[in-house]
Amino acid sequence: MKLTRRSAVKGIGALAAAPAFGRMAFAETPPNMLVIAGTIDDIVSLDPQESFEFSGSDILNNMYGSLVSFDPKDLSAGYIPDLAESWEISNEGKTFTFKMRPGVKFTSGNPVTAKDVEYSLRRAVAMEKTPSFILTQFGFNADNMEETLVATDDMTFQLTTDKTYATSFVLNCLTATIAYVVDSETVKANEVDGDWGNGWLKTNSAGSGAYSLVNWKANESYTLQVNPEFWRGAPAMQRVIIQHIGESATQRLLLEKGDVDIARNLTPEDIAAVEAQEGIEVDSDLRGRIMYFSLNQAKPILSDPKVIEAMKYLVDYEGMANSFLKGQYTVHQAFLPLTYMGELKEKPYSLDIEKAKALLAEAGHGDGFELEIIVRTAQERVQIAQSLQNTFAQAGITVSITQGTAKQILARYRARDFDIYLGAWGPDYPDPHTNADTFAHNPDNSLEAGLTGKLAWRNSWDIPEMTKATEAALVEQDRDTRAQMYVDIQREWQKTSPFVPMFQKIEQVARRSNVQGFVTGSAITAAFYWPVTK
Amino acid sequence: MTDTTAAAGRRRTAPLVRRGAALLSTLGVIAVTMFGLIFVTFIIGRVMPVDPVLAVVGERASKEIYDRVYFEMGLDKSLVEQFWIYLTDVLTGNFGTSTLTARPVVEDIARVFPATLELATIGVIIGIVFGVPMGVTAAVYQGRWPDHVVRLFGLFGYSMPIFWLALMGLIIFYGNLDWVGAPTGRVDVFYQDIVPPVTGMILIDSAIAGDWTIFWNAVSHVVLPAAILGYYSLAYISRMTRSFMIEELSKEYVTTARVKGLSERAVIWRHAVGNVSVPLITVIALSYANLLEGSVLTETIFSWPGLGQYITNALLNADMAAVLGGTVVVGLTFVGLNMLSDVLYRVLDPRARS
């Protein structure tokens with residue numbers, strides 16, 4: 001039978017293919033072109049003041065500059081001057097005055113001035129797209145932006161926050177995609193009905209970054225063309241093409257054949273297979289995504305501190321990390337990703353069924369109970385849910401798993417309609433407040449408040465004390481003290497919260513050995529194509 | 001004399017009237033079908049437990065932004081009102097804007113449908129060219145080894161998961177033998193967007209532009225996925241051909257023809273296959289329509305930017321404008337192919353002509 005099958009497959013394909021061409025010569029990727037196999041079907045807009053997706057950040061990070069950004073060769077250094085050469089802080093820490101870097105041009109040829117910064121940041125505030133909160137949390141709004149976001153001359157830009165915030169918080173937020181600087185003249189020329197050029201910029205670029213957009217074909221590919229005048233130095237790769245390849249096996253074949261230089265979405269099995277091959281190397285980088293599950297505090301059983309603690313002992317952290325999540329996730333038990341300022345490395349919990357049973361018995365649930373886990377239909381998440389189902393059962397908790405699309409599950413989570421939610425959270429901007437704000441801040445737990453953006457609210461977790469501590473960390477001026485405050489908050493959170501963080505994402509990127517310098521961006525930022533050489 | 005003229009006149013006008021009536025009723029059927037299709041898809045889209053607003057604003061949006069978009073999308077209006085707005089938009093050719101691609105749905109479909117059309121057409125041609133002779137052979141040698149070989153071969157194509165066939169095909173013909181192009185869509189990345197789009201089908205467009213390098217590159221990309229789809233439809237077509245032929249060969253006129261001393265070849269290919277071709281058209285049209293819906297798995301593995309991937313992706317992301325637009329195209333395709341097979345019936349079957 002085996003023989004029949006093989007010859008059958010060979011037969012039909014050969015029948016169709018052989019007479020047409022026989023052996024063909026195939027183009028390898030040219031030496032000045034970078035071809036990446038990835039997934040880009042999440043991109044919905046290329047407007048930096050609107051985009052809020054992982055793949056969108058990757059492309060925008062290579063097309064735009066911002067006042068402050070990162071050095072891809074040393075991400076741990078934090079924010080560094082980019083389009084702003086220097087800055088001063090005055091008015092009790094509320095006014096930031098940026099001096100623009102002279103001589104920088106947009107790909108259109110227009111010079112980058114403080115007016116462009118003013119236009120871009122006001123645009124972000126006025127358009128009110130989803131990520132606008134990253135800027136509006138400093139008190140900017142459409143009514144006051146003409147006083148608070150101002151170009152005092154061509155080379156000086158000044159912003160004034162509504163109160164004193166930690167300096168590092170403000171500057172970290174200015175590295176986010178929402179604060180990227182667009183070419184105001186070009187964008188204004190494409191405005192339609194006062195849309196701030198949004199309709200046009202969704203599918204075009206107007207930046208001063210290393211590359212400009214040639215085209216973006218949704219779910220298919222995007223192509224970037226080098227900006228030879230990039231102020232950090234002309235990149236070696238003249239063209240960058242990201243091809244949407246949804247299937248890992250296909251990505252692997254393309255990489256093995258040299259038809260792509262980098263494959264970004266290989267499954268652990270495919271990574272293991274290519275790692276052993278000559279001419280291919282695999283790099284690992286910690287990313288920001290935290291995989292966790294959380295217990296809805298509106299459910300009486302799940303709000304019992306003993307039950308909460310028991311749950312944290314009912315997770316086979318190491319077992320999962322060393323089997324189906326191997327190479328893709330590392331065990332992590334705090335809300336800030338490792339590499340973030342204020343990270344907490346301690347991992348106090350491990351699988352301990354007996355201890356969990358004792359805790360449940362103390363809580364009066366020794367006979368067990370039933371729960372539903374809601375999870376999005378994605379292989380690794382469902383596998384985690386199944387592992388939890390297994391370990392929970394050993395302590396007498398019967399779990400049913402409900403799967404759905406991302407949107408379906410999210411809708412239930414936001415409506416507080418669940419027992420246990422299993423999913424992931426990624427930071428929105430490279431400052432500890434991004435996760436503290438969602439995991440450890442809940443100023444109003446009432447249903448009417450509708451703080452659906454905050455995970456603490458979604459889980460009905462009422463935390464007046466911790467909310468205060470989080471707010472205090474937000475205004476602490478001293479960097480070290482601030483970092484320590486986040487460590488302290490996380491220690492307490494780790495003990496008492498209904499959140500059970502389990503893993504932090506590792507991205508494994510497979511590349512041809514001749515490709516050097518590709519940076520995925522760690523937990524704090526997005527990919528950098530421009531340092532690549534080959 | 002007068003009588004005959006009148007009769008002749010009647011004979012002349014009657015077909016015209018009949019044809020007009022037939023045309024009207026066909027158009028009526030199409031209109032009702034399309035209306036039903038749009039209606040059902042619309043309702044499913046609205047009752048689906050997916051929040052279209054979240055699809056637009058994302059998970060992190062504040063309540064204010066959420067509410068603003070909710071009203072912008074007209075979701076506060078009644079279902080009837082929403083449907084009416086949608087229907088009038090569709091009738092003026094406006095299918096809305098996809099939230100997933102930020103482009104008008106019409107533009108998106110103009111991009112993805114030709115890709116599927118190209119693939120499906122070559123696929124169904126492969127299915128016919130190999131499937132029909134195989135089915136005929138199997139029927140003629142019923143119960144003997146050629147029949148068994150065809151059945152096994154067909155069964156394999158029909159029962160193996162298509163993604164497995166596609167991956168095996170890739171490993172062998174792309175990975176090992178290097179006979180076909182990389183599974184990166186319709187042409188190598190370096191050749192994208194070079195030929196001006198006329199039909200959207202890259203084989204035709206490159207031929208029009210006279211760019212034979214790109215043409216052959218496109219051929220090398222389309223041949224494997226088309227062969228996989230072709231194999232799949234071949235399996236179905238050959239099985240149906242076989243059973244039609246077996247039935248046909250048992251009929252009396254075949255025996256008569258043989259007795260009259262006609263060659264076996266003429267009996268089979270001219271008489272029997274000729275008669276079988278009528279029901280076969282329905283089978284082929286259905287296979288073709290199936291392929292034209294877009295084969296999601298094949299498209300995913302070959303990164304083929306076709307309709308199947310587009311609709312699936314839209315559905316998973318609650319991009320209802322795109323789902324509805326795609327569904328209308330699929331519906332029109334089915335209706336169109338049905339009409340085409342009706343026309344072919346009339347051409348091929350003298351009885352249907354009178």
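How many residues does the contact take from chain B and from chain A? In this predicted model, the contact takes 61 residues from chain B and 68 residues from chain A, and the two chains bury about 5700 Å² between them, with 64% of that area on carbon and sulfur atoms.

Three salt bridges are counted between chain B and chain A, among them the pair formed by K257(A) and D178(B), whose closest N and O atoms are 2.9 Å apart. Nine residue pairs in polar contact are found across the interface of the two chains, both residues of each pair being at pLDDT 80 or more. On the side of chain B that touches chain A, two or more residues are given by each of several helices, including α5 (105-140) and α9 (212-249) of chain B, while the largest share, nine residues, comes from α7(B). By class, this side of chain B comprises 39 nonpolar, 13 polar and nine charged residues.

Within chain A, an open sheet of four strands has the order β4-β5-β7-β6, with antiparallel pairing. Because β4 (84-90) and β6 (149-153) of chain A stand at the edges, each with a single partner strand, one side of each is left without a neighbour in the sheet. Neighbouring strands of this sheet are turned against each other by 25 degrees on average, direction ignored. The antiparallel strands β6(A) and β7(A) (residues 156-160) are joined by four bridges, and L149(A) stands opposite L159(A) in β7(A).

Helix α3 (residues 114-127) of chain A lies across β5 (95-100), β6 and β7 of chain A and runs at about 170 degrees to β6(A). Helix α6 (residues 167-174) of chain A also packs on the sheet, where it touches β4, β5 and β7 of chain A, and its direction makes about 45 degrees with that of β5(A).

Terms used. Residues numbered from 1 in each chain as written. Chains lettered and ligands numbered in written order. Predicted model: local features only at pLDDT ≥ 70, side-chain atom pairs only at ≥ 80, totals over all residues. Heavy atoms only, no water. Pairing = 2+ DSSP bridges. Axes fitted to C-alpha atoms, helices over the stretch in contact; angles between N-to-C directions. Contact = heavy atoms within 4.5 Å. Buried area = accessible area lost by both parts, 1.4 Å probe. Salt bridge = Lys/Arg side-chain N within 4 Å of Asp/Glu carboxyl O. Polar contact = N/O pair within 3.5 Å; in protein donor to acceptor, adjacent residues only side chain to side chain. Nonpolar A, V, L, I, M, F, W, Y, C, P; charged D, E, K, R; others polar.
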